[in-house]
Amino acid sequence: ATEDVSGEHGEQCGVFGGGDPIPDAGYVMSFTDGSVPQNFTIEDAVQYLARNFSDSFGEGLEKWFSLDTTPGVVDESDHPRLWTNPLTSRLPRSSNMTVYCMYGVGKPTERAYYYTTSPAAAGGDPGFVIDKGVTRERPPVVTGVRMSTGDGTVPLVSLGYMCVEGWRAGSAHNPSGAPVVTREYLHQVPNIFSHPRGGDKTGDHVDIMGNRDMTADILKIVTNSADTVTERIVSPIREVAEAVKQSLDKG
């Protein structure tokens, strides 16, 4: 079942309406002065760091992290380096398991950056600094930082992509077809003087641990009332996931 809250919450999602939830073509770094003749995806940025910093840095990346984004491909080696990348690791094989994705949305969250060259660069320092002169309303950029929506720390695409797309029943990442219930909690700003830690309606990355609704949902799940915890999506995560899927399919 899906809980329809579009009328209740949809108009409150100010950072959703008319915005751009993910940067064009997945870029997370753009260079405004032409010092680097390309924009960087996450993979580009990490490879650049590996080439331009110490050998130990590159070796550590190779040993402990996976950056593979090949769609539909799961690495069965179970190496710890894969655990940080849900695109290369799968859910457990289990005939009796339900996955609950519970996260906050509706807070402005950093998603990408505009860089320029620093005149103070010296030695092996690439000399890139955020270009604070870049600010615009749409898509929202604040002093060189491109904003999207999320929980204030993690952007929406990272919070929900696997929940609504990557772990869908029948995918290689969900070999047992485990049901996945996505439950979003819209951040509601409280009176900061009476609720300095966000209050009971917060969707903040850390303060959500005090969200009354999420606490109640967790208690229902662990006390044999999980059937009352249904899907609730108030963000455009399905549209974002479809855009990511199309990008991955194109390679």
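## Local features of a predicted model

Ser235 sits in the loop that runs between H5 and helix H6 (237-250). This is a predicted model. With a relative accessible area of 11%, Ser235 falls under the 20% cut-off and is therefore buried. The side chain of Ser235 makes a polar contact of 2.8 Å with the side chain of Glu184.

Helix H5 itself covers residues 212-222. At its start, Asn211 places a side-chain oxygen within 2.9 Å of the backbone nitrogen of Asp213. Just after H5 comes Asn224, whose phi is positive, at about 65°.

Gly177 is partly exposed, because its relative accessible area of 32% lies between the limits of 20% and 50%. Apart from neighbours within four places in sequence, Gly177 is in contact with Ala169 and Gly170. The C-alpha atoms of Gly177 and Asn96 are 9.8 Å apart, while the two residues are separated by 81 residues in sequence.

| Residue | Relative accessible area | Class |
|---|---|---|
| Ser235 | 11% | buried |
| Gly177 | 32% | partly exposed |

Aromatic side chains form another part of the picture. Six aromatic pairs occur in the structure. Ring pairs join Phe31, Phe40, Tyr48, Tyr113, Tyr115 and Phe128 into a cluster.

Notes
Residues are numbered from 1 along each chain as its sequence is written. This is a predicted model: local features need pLDDT of at least 70, side-chain atom pairs count only at pLDDT 80 or more; totals for chains, interfaces and linings use all residues. Side-chain values use heavy atoms; hydrogens and water are left out. Rings of Phe, Tyr and Trp (its six-membered ring) pair if their centres lie within 6.5 Å; planes under 30 degrees apart count as stacked, over 60 as edge-to-face and the rest as tilted. A polar contact is a pair of N or O atoms within 3.5 Å; within protein, one must be able to donate a hydrogen and the other to accept it, and residues adjacent in sequence count only if both atoms are side-chain atoms. Helices (H or I, at least four residues) and strands (E, at least two) are DSSP runs, numbered from the N terminus. Buried means under 20% relative accessible area, exposed over 50%, partly exposed in between (1.4 Å probe, protein chains only). Contact means heavy atoms within 4.5 Å.
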